[in-house]
Amino acid sequence: MLEAQSLTKAFGGLVAVRDASIKVPEGRIVSLIGPNGAGKTTLFAMVAGFLRPDRGTVTFQGQDITGWQPHRICALGMVRTFQITQPFANLTVLENVMVGAYARIANRLEAAELARKVATRVGLGARLDQPAQGLTVAGRKRLELARALATQPKLLLLDEVMAGLNPTEITEIVQVIRGIRDSGVTIFLIEHVMQAVMSLSEYTYVLNNGALIAEGEPKAVASDPHVIEAYLGHGAAERIKKGNAHA
Amino acid sequence: MIGWTTPRGWAHIGAGFAFALLIPAFVTQNFLLHIAILVLFSAYLGQAWNIAGGYAGQRSFGHAVFVGTGAYVTAILQTRFGWNPWLTLPPAIIGGAAVGWLIGFLSFRAGLRGSYFALITLAFSEVARILANSLEITRGGLGILVPLSPGFANFQFANKGNFFIVVLAMFAVAFGIAWWLEKSRFGARLVAVRENEDAAAALGVDTFKAKLHALMLSGGMAALGGSFYVQYYLYVEPPIAYGVERSVEMLLVSMIGGSGTVLGPLVGSIALHLISDTTRHFLEAPGVALILYGIVLILIVGFLPDGLISLFRRRPTVVPDTDSGAPARRGAHA
């Protein structure tokens, strides 16, 4: 459904993403993990049209969308959320979600109805008339999700929707995301919370220093020595192996 | 959220306009009618600014460029080409919208936001003033005098009451446009752009187009105000048409009253005229009145950043967020 071919983006001398190729098949939950500063969000931004890649192409449902503007990509059916939440602070929760709903619905009452439904689905049903700026971190993450869902996407790009949530909240939102996938929306997510990645995603890409270093099923990827080293430092894989042998 | 969209709110609005319609029948002093006309005229222009500056958040410092364009279109078509003044109104509106398109296209393409956008609009209005001062078609600094010939057909009235009706109608249309913004997809998109452009773009809003259309609508409305000005005073010259004072008045009226609200410009216009007229009336030295005027403005901006209208609006009670997403208890007002 989504295919990125050798995407590269440099900011001055810093190459944030180098030659990264990913594939997200329809109906799946695919994740992208990696240490801080690995270039995950930059990769997302290129896919969703917020950054123009220096090299490489992005194809969505067979159409080359490289360099398209975000609103056109949204119209095609791909929408992103922001890691640093970007609420319309002075609007209510319902009004926030309605902006998303208006992507495909011109009528106000219908847009409000869809927005209400979507907000309830992600657990914001009790806060519809509350200003978005009064929401907690968890609430804002849910709002990001609700707004994106209200655009009725085919592919949802989630940028760390679980960061900063407590375990109960994570369990809840994992359920919500599964539900979204089961309703026919493909999901591509960036995540730090490994518990969530393991239980949610069926395929994982690992990005380190701008380059993909591993891909595969989450369990296999997590035991890949390259991945362990990327997260825990040089020689860590070796030491863990030794530790296991001693035990 | 907006209380006056209820049937009771509608009744209030209807009563307000009905009351306003009766004003010319009972108020016969020209001096009072003149003030009423100026209040509504400022409110109308403030509403025009409010579309781009309040709703879409593109705060212009040079809206006089639209007013002046409308004024000159009406004056030139009448005096040079013998048009009927009523017929000059559509070209004036189109002219204002076209100037809005030009300014918007150039500055939004270049990604100008916030104070940079404010400065570039100020620059445009100053350029327009200098052009009007030096071009032959605007008669330069001499200005254009529209010959006096009262009569409905000529959009000139000996009776100020008729001007009042015209400006009331203009205000009603502007009011309707703002109300429509509150209720429509276009309006929701403008507000989304104001609140967070990136988020709006991610959710499918063509932010460039939204801002451009807002400025064109705003410019067209302001230009009609310029046409009215010419018919009311029968004279236009560069400082009147394109002066910074006009731009400042338009944004002040809207921001003092409450920008991004339907009634803000009217509230702001009434307040500003009250303040400036009373200070001028009761204080002999003209400088003192201006100082007092300035102090009151500072106080309003400092203590009511959302405008005077925030005094009348019930604040939405914040539902205590329990962090768990469980239904929280609602405020007592719900």
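**Ground rules.** I am working with a predicted model, where local features need pLDDT of at least 70, side-chain atom pairs count only at pLDDT 80 or more, and totals for chains, interfaces and linings use all residues. Residues are numbered from 1 along each chain as its sequence is written, chains are lettered from A and ligands numbered from 1 in the order in which they are written, and side-chain values use heavy atoms, with hydrogens and water left out.

**Positive phi in chain A.** I noted a phi near 50° for Asn209(A), a positive value in a residue other than glycine. Asn209(A) is exposed, at a relative accessible area of 62%. My cut-offs, with a 1.4 Å probe and protein chains only, are under 20% relative accessible area for buried, over 50% for exposed, and in between for partly exposed. I then turned to Gln61(A), which is not a glycine either but has a positive phi of about 50°. I located Gln61(A) in the loop between β4 (55-60) and β5 (63-64) of chain A. With a relative accessible area of 41%, Gln61(A) is partly exposed.

**Chain A as a whole.** I have ten helices and ten strands down for chain A. Its radius of gyration is 19 Å, close to the 18 Å that the globule rule gives for 247 residues, so chain A is as compact as a globular protein of that length. The radius is taken over C-alpha atoms, and the rule is 2.2 Å times the number of residues to the power 0.38. Along the principal axes, the C-alpha atoms fill a box of roughly 65 × 40 × 35 Å. Of the 247 residues, 53% count as buried.

**A helix pair in chain A.** I checked how α5 (residues 137-150) and α6 (residues 167-182) of chain A pack: the angle is about 5° and the axes are 12 Å apart. That makes α5(A) roughly parallel to α6(A). Angles under 35 degrees count as roughly parallel, over 145 as roughly antiparallel, 65 to 115 as roughly perpendicular and the rest as oblique. Axes are lines fitted to C-alpha atoms, for helices over the stretch in contact, and angles run from 0 to 180 degrees between N-to-C directions. From α5(A), Ala138(A), Arg142(A), Leu145(A) and Leu149(A) meet Glu169(A), Glu172(A), Ile173(A), Val176(A) and Ile180(A) of α6(A). Contact here means heavy atoms within 4.5 Å.

**A helix pair in chain B.** I found α2 (residues 30-55) and α7 (residues 185-195) of chain B packed at about 50°, with axes 8 Å apart. That makes α2(B) oblique to α7(B). Ile51(B), Gly54(B) and Tyr55(B) of α2(B) make the contact with Leu190(B), Val191(B) and Arg194(B) of α7(B).

**Last stops in chain B.** I looked up Arg246(B) in helix α11 (residues 244-257) of chain B. Arg246(B) is buried, with a relative accessible area of 13%. Leaving aside neighbours within four places in sequence, Arg246(B) is in contact with Phe41(B), Leu45(B), Ala64(B), Val67(B) and Tyr229(B). Leu234(B) follows α9(B) and has a positive phi, near 55°.

Key. Helices (H or I, at least four residues) and strands (E, at least two) are DSSP runs, numbered from the N terminus.
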